[in-house]
Amino acid sequence: MSSLSGNCPILVTGANSIVGGLLVPLLAERNHTVVCLGRTAIASSGRVSWRYLDLQAPVHEVPAESGTILLHTAGLWLLPDWLEKFREIGVRRLVAFSSTSRFTKQSSVSVAERELARRLTLAENEVIEKCRRLGIQWTILRPTLIYGGLHGDRNVEEIARVIRRFRMFPILGAAKGLRQPVSAMDLAKACLQVLDAPATCDKSYNLSGGEMLTYADMVRRVFGVLGYPPRLLPVPIGLFRVAVWLARWHPRFRHLSAGMAVRMQDDLVFDHQDAAADFHYKPEPFDPSYLVRPR
């Protein structure tokens with residue numbers, strides 16, 4: 001039986017995230033009552049309401065009516081300590097987003113990226129252990145490089161921002177590492193598909209995009225959408241490190257690291273055949289045309 005049957009509200013954390021911002025409207029379109037839990041207010045309208053909940057604060061009661069389904073699109077490491085409280089208000093089904101960064105950043109040259117991989121790994125393990133103990137059926141989704149969404153992304157939009165400003169884009173070497181960009185909309189749809197598929201209970205899935213291309217070709221496609229001739233400038237790693245260090249002084253670029261440049265040569269490829277088999281996951285090819293469409 002589908003997890004989406006019944007009239008209980010569906011709880012969503014991270015409704016302002018890149019995936020959550022698309023997931024909430026999809027749920028409302030399917031006539032589900034949605035309660036968004038987070039620090040930033042969501043306009044209440046029709047079937048969608050908002051309750052304040054700071055997952056980074058000490059654990060307390062969850063300020064929401066009973067709900068059997070929790071869709072967690074915020075940072076996975078924020079979830080484990082709250083699972084017992086969600087269980088108390090009736091949650092019996094969880095779909096939570098992690099990231100393939102758990103694997104790709106384990107050996108990064110960046111301390112911060114290695115720490116992210118560690119946090120994701122520990123969070124996944126703790127979520128699974130607690131869900132088993134509490135009797136909550138769980139599914140963990142690990143996307144690859146995410147793009148699109150109502151609230152922007154730190155991947156393709158960062159590339160576009162550099163191209164718009166400088167009419168060029170710096171790369172390390174030939175930037176031949178393979179990528180599988182996945183759209184936020186495909187991930188939001190995947191979340192609903194998971195809830196309709198009992199076979200997904202107590203499983204994890206890597207969710208890659210529908211097309212494989214090199215990092216350099218991904219950048220070239222962004223150039224094309226923006227209407228500029230592709231100008232990729234090879235830059236030595238030493239200069240890259242200096243540029244990243246300088247950029248990090250600006251709040252918008254504090255997430256940048258030299259590891260991002262080094263990975264331009266690495267293949268970050270993940271098979272999504274398990275997802276295709278269990279819930280008919282079929283992502284679209286990479287399409288950055290959203291960069292020039294009004295939102």
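The exercises that follow treat a helix, its packing, the cysteines and the salt bridges.

The model is a predicted one, in which local features need pLDDT of at least 70 and side-chain atom pairs count only at pLDDT 80 or more, while totals for chains, interfaces and linings use all residues. Residues are numbered from 1 along each chain as its sequence is written, and side-chain values use heavy atoms, with hydrogens and water left out.

**Exercise 1. Helix α6**

Compare the span of α6 with the expected one, and determine which residues of α6 are buried.

Solution. Helices are DSSP runs of H or I with at least four residues, strands are runs of E with at least two, and both are numbered from the N terminus. Helix α6 covers residues 184-195, twelve residues, and spans 17 Å from its first C-alpha to its last, which is close to the expected 16 Å at 1.5 Å a residue; the expected span is 1.5 Å times one less than the number of residues. For burial, the cut-offs on relative accessible area are under 20% for buried and over 50% for exposed, with partly exposed in between (1.4 Å probe, protein chains only). The buried residues of α6 are Ala184, Asp186, Leu187, Ala188, Ala190, Cys191, Leu192, Val194 and Leu195. Because nine of its twelve residues are buried, α6 is largely enclosed by the rest of the structure.

**Exercise 2. Packing of α1 and α6**

Describe how α1 and α6 are arranged relative to each other.

Solution. With axes taken as lines fitted to C-alpha atoms over the stretch in contact, and angles running from 0 to 180 degrees between N-to-C directions, α1 and α6 pack at about 45° with their axes 9 Å apart. Angles under 35 degrees count as roughly parallel, over 145 as roughly antiparallel, 65 to 115 as roughly perpendicular and the rest as oblique, and α1 and α6 are therefore oblique to each other.

**Exercise 3. Cysteines**

How many disulfides does a search of the whole structure find?

Solution. Taking a disulfide as a pair of cysteine sulfur atoms within 2.5 Å, the search finds zero. Cys36 is in no disulfide, since the nearest cysteine sulfur, that of Cys191, is 13 Å away. For Cys131 the closest cysteine sulfur belongs to Cys201 and is 11 Å away, too far for a bond. Cys36 counts as buried at 1% relative accessibility, and Cys131 counts as buried at 1%.

**Exercise 4. Salt bridges**

Solution. Side chains of opposite charge can pair when their charged atoms come close. A salt bridge here requires a side-chain nitrogen of Lys or Arg within 4 Å of a carboxyl oxygen of Asp or Glu, and the whole structure contains 16 of them.

- Arg30 lies in the loop between α1 (20-29) and β2 (34-38) and Asp196 in the loop between α6 and β11 (203-207), so the pair ties together parts that are 166 residues apart in sequence.
- Glu124 in helix α4 and Arg102 in helix α3 (residues 101-104) are 22 residues apart, and both are buried.
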